[in-house]
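Trainee: Could you show me how to read a few features of a protein model?
Mentor: Gladly; let us look together.

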Amino acid sequence: MPSADSPVVFVVSHDRARADLLVPVLGQAEVFAIPDAETLLREAHVHPPAVALLYADTRGVPLAEVLPLLRQRAELAGTYWLAVGSAGLGALLAAGADALISDATPPEALALQVRALLARAARHRELEGRIGQLQRRLETWEHEERVRDQLVHMLVHDLKNPIAAVMGLLEVVEDDDRVPDDTRELVKVAHDETQHLLHLAVNMLDVRKIQAGKMHLRPELVFSPMFEEVIEQACGDVGSGLRDRHIGVEVAPNLSPTRADPDILRRIFANLISNALKHTTTGGLIQIQVRQAEDETQITVRDDGEGIPADDLPNLFAAFEQSRLTLHGRFDTGMGLAFCKLAVEEHGGHIWAESERGHGSTFIFTLPLAQDSEDDDFVELLN
């Protein structure tokens with residue numbers, strides 16, 4: 001039996017003396033004398049060799065007939081096959097032998113060739129081990145990702161319905177004339193916080209979807225009137241907190257059409273407007289501008305709030321990477337901005353922020369214009 005650390009070398013020949021001559025000059029390898037092809041098939045399954053010397057004059061079933069079968073075995077993927085002889089080597093080479101050598105080669109020279117092949121086999125085993133480790137790590141990571149996705153999906157879907165129900169009940173109470181003004185103000189705060197929780201949950205799910213490539217856009221041609229409509233809807237999504245802010249919207253007329261998913265675009269606007277709301281005080285100014293810049297549409301959301309510390313800017317769009325305390329005592333997880341970045345890039349655009357501490361912040365993102373062929377299709381549809 002070979003030791004666990006010793007490589008196995010097969011000498012396949014009807015002449016056992018060939019194996020015996022190789023043993024003293026080969027060193028630590030375990031040398032097996034294999035008399036014929038049938039024995040080779042059996043022993044290779046029991047003790048996979050690192051190197052096998054195939055003598056072309058071996059009697060019985062030609063080795064060239066069994067070598068293709070051996071090369072198909074997974075456990076022999078790292079085996080090197082050395083054809084030895086003075087005739088019949090071409091058939092062995094065609095059958096898959098890795099190298100050829102004359103049977104007149106002295107044992108010392110033959111041992112050098114075998115050692116070189118053993119070194120290759122050792123490197124092959126080492127690489128296989130590393131690949132196996134990487135594969136196991138990848139499988140572990142994929143399993144953790146699946147579990148994380150399932151957990152996020154479950155949490156969000158389990159949370160959305162009760163949160164929506166709570167918001168509906170709070171709206172009923174807020175609109176009730178019998179509720180005192182001070183209580184109505186508390187209800188309003190509760191409603192806004194509940195809406196924030198809902199946005200956080202939905203953003204969390206959508207960030208995971210985009211990262212996993214599972215969010216499929218439904219793009220349309222977006223013109224100036226649709227931008228105005230989407231912004232109005234986004235302001236409604238942000239909630240009653242905007243009543244205490246001055247909102248300015250400027251959409252350039254006759255914009256070239258932009259290809260975008262209106263629902264996702266609405267979510268991007270809502271997150272950026274909500275971010276501006278959280279970092280401005282009562283009476284603060286939030287300005288939204290949509291204009292055309294060369295071959296793209298540029299959207300700007302600017303506020304006159306507290307501004308962003310320079311240290312926060314590099315990781316501003318990374319979820320959970322930055323947690324800035326807002327003016328309203330709430331920590332910002334960055335999930336909404338992470339969604340904006342992924343969603344804008346999914347459209348083929350890009351997003352960035354400019355800010356100076358104490359002088360407000362400006363978020364700019366761009367979207368590519370529709371292609372000429374899409375414009376022509378739209379004109380044909382109108383006609």
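The talk below goes through a helix, a helix pair and a strand with its partners.

Mentor: First, this is a predicted model, where local features need pLDDT of at least 70 and side-chain atom pairs count only at pLDDT 80 or more, while totals for chains, interfaces and linings use all residues. Residues are numbered from 1 along each chain as its sequence is written, and side-chain values use heavy atoms, with hydrogens and water left out.

Trainee: Which residues of helix 1 are buried?
Mentor: Buried means under 20% relative accessible area and exposed over 50%, with partly exposed in between (1.4 Å probe, protein chains only). Helices (H or I, at least four residues) and strands (E, at least two) are DSSP runs, numbered from the N terminus. In helix 1, residues 17-26, the buried ones are R18, A19, L22 and L26. They share one side of helix 1 because their arc around the axis is only 90°, taken from the directions from the helix axis to the C-beta atoms. Exposed L21 and P24 lie on the face turned away from that buried side.

Trainee: At what angle do helix 8 and helix 9 cross?
Mentor: Axes are lines fitted to C-alpha atoms, for helices over the stretch in contact (heavy atoms within 4.5 Å), and angles run from 0 to 180 degrees between N-to-C directions. Helix 8 (residues 262-278) and helix 9 (residues 335-346) cross at roughly 145°, their axes coming within 9 Å. Among the contact residues are I268 of helix 8 and F339 of helix 9.

Trainee: How many residues of strand 14 are buried?
Mentor: Seven of the eight residues in strand 14 (residues 361-368) are buried. Two strands pair if DSSP finds at least two bridges between them. Strand 10 (residues 296-303) pairs antiparallel with strand 14 over eight bridges, and T300 stands opposite I364. Strand 13 (residues 351-355) also pairs antiparallel with strand 14, over five bridges.
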